[in-house]
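Colleague: I would like to learn how to read a model like this one, feature by feature. Could we take the general idea of each feature before the case at hand?

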Amino acid sequence: MSGFSEDMPFFDEPNARPAAPSGIAARAMAARSAQNRAADYLSGLNPEQRLAVETTEGPVLVLAGAGTGKTRVLTTRIAHILATGRAYPSQILAVTFTNKAAREMKQRIGILIGDENVEGMPWLGTFHSIGVKLLRRHAELAGLKSDFTILDTDDVVRLIKQLIQAENLDDKRWPAKQFAQMIDNWKNKGLGPDEIPEGDARSFGNGKGRQLYKAYQERLQTLNTCDFGDLLYHPIRIFRAIRTC
Ligand SMILES: Nc1ncnc2c1ncn2[C@@H]1O[C@H](COP(=O)(O)OP(=O)(O)OP(=O)(O)O)[C@@H](O)[C@H]1O
Ligand SMILES: [Mg+2]
C-alpha cells in the first residue's frame, strides 16, 4: 500500500485535486497508475470480500466467522468509498463496540488511505463515544445542555438509592444496583418510562418501577447529567423522533 495516501486526493475538497495531466501518453500513464492504486487495496481480497467492498449502494451484511476477514472488508470498503469520491471522511459513520476495535479500525484505514484522512473521520468510534459526540451537539433535543456530565456506575447507584428511600421503600429489599441494571436494560431497548412493559414496571419497588424510572430520568435532567445507558438511549430517541417528523 506504499505511496497510497499521497496519491489519493479524493479526501480533500474537489477543487484541491491536482490538475489532470494533458496529452495521450500522460493520460494513459495516469489511467494505468490509477488502476494500480485500485489494485493496491482490492488485490488482497477474496471474491466474496471484493463483492462486499464494491457494493456501495444499499445495506450490506457481512456474516463470517472469527478471523475470516470481516474487519478487512469494513476498512477496505471505507477506503474504497473515500478513494472513489463517494463521500468525504466526515460523512462516514463507523460504529464499533469496543475501544480496541475502534483503534484497530482507525489504524487499518490509516494504512490504506493515510493517517491524516482518518483524523478527518470524527464519526468513527464506539457506540458510546459517537453517542456523546452526537449529544453534545444536539443536547437540547434530549432536554440537556451541551456541557452535561456523565455519571459513573457508583453515582447512578447512589442516586437510585436516594430515590428508593424517598419513596419510603426498603433499599435492602429493593436494591438500587438491581434497579440500575433494569434501567440500563430498558434504555438499551430505547424504552422510556412510559413505554416499559407493565409487568416490568410492577416487578420492582412494590409496583413503583415506572414511577422510580421517571423520577430518575427527571433527576438526571435537573442535574444536567447522563448515565452510560443515556449515551445510547438519547441518540436512539432523537433519531426516531426525526424519522417520524
Ligand atoms: N483475503 C485475505 N487474504 C489474506 N489475508 C487476509 C484476507 N482477509 C483478511 N486477511 C487477514 O486475516 C487476518 C484476519 O482478518 P480480519 O482481522 O479482517 O478478520 P476478522 O474477521 O475481522 O477477525 P475477528 O473475528 O478477530 O474480528 C488479518 O491478518 C487479515 O490481514
Ligand atoms: Mg474484526
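Colleague: How many helices and strands are there in the protein?

Modeller: Helices (H or I, at least four residues) and strands (E, at least two) are taken as DSSP runs and numbered from the N terminus; here the protein has 12 helices and four strands. This is a predicted model, in which local features need pLDDT of at least 70 and side-chain atom pairs count only at pLDDT 80 or more, while totals for chains, interfaces and linings use all residues. Residues are numbered from 1 along each chain as its sequence is written, and chains are lettered from A and ligands numbered from 1 in the order in which they are written.

Colleague: What share of the residues of the protein count as buried?

Modeller: A residue is buried if 20 or more other C-beta atoms, placed from the backbone, lie within 10 Å of its own, exposed if 12 or fewer, and partly exposed in between. By that criterion, 24% of the 245 residues are buried.

Colleague: Which residues touch the most other members of the largest nonpolar core?

Modeller: A nonpolar core is a set of buried Ala, Val, Leu, Ile, Met, Phe, Trp, Tyr and Cys residues joined through C-beta atoms within 7 Å. The largest one has 21 residues, of which I160, L163, F179, I183, L212 and Y216 touch the most other members. Two or more residues each come from helix 7 (127–138), helix 8 (153–166), helix 9 (176–188) and helix 11 (209–222), and helix 8 gives the most, with five residues. Another core, of 16 residues, lies apart from this one and includes A52, I78, I109 and L124.

Colleague: At what angle do helix 8 and helix 9 pack?

Modeller: Axes are lines fitted to C-alpha atoms, for helices over the stretch in contact, and angles run from 0 to 180 degrees between N-to-C directions. Helix 8 and helix 9 pack at about 110°, with their axes 8 Å apart, which makes helix 8 roughly perpendicular to helix 9 (angles under 35 degrees count as roughly parallel, over 145 as roughly antiparallel, 65 to 115 as roughly perpendicular and the rest as oblique).

Colleague: Which residues of the two helices meet there?

Modeller: Two residues are in contact if their C-beta atoms, placed from the backbone, lie within 7 Å. From helix 8, V156, V157, I160, K161 and I164 meet A176, K177, F179 and A180 in helix 9. Leaving aside neighbours within four places in sequence, I160 is in contact with A176, F179, A180 and Y216.

Colleague: Which residues are around ligand 1?

Modeller: A residue is near a molecule if its C-beta atom, placed from the backbone, lies within 6 Å of it. Around ligand 1 are G44, L45, N46, Q49, A64, A66, G67, T68, G69, K70, T71 and R72, and helix 4 (residues 70–83) provides the largest share of this shell, three residues.

Colleague: Is C226 buried or exposed?

Modeller: C226, in strand 4 (residues 225–226), is buried, because 22 other C-beta atoms lie within 10 Å. C226 and I150 are 76 residues apart in sequence, yet 4.9 Å apart in space, C-alpha to C-alpha.

Colleague: Where is N206, and what is its phi?

Modeller: N206 is in the loop between helix 10 (198–202) and helix 11, and its phi is positive, about 55°, although N206 is not a glycine. With 12 C-beta neighbours inside 10 Å, N206 counts as exposed.
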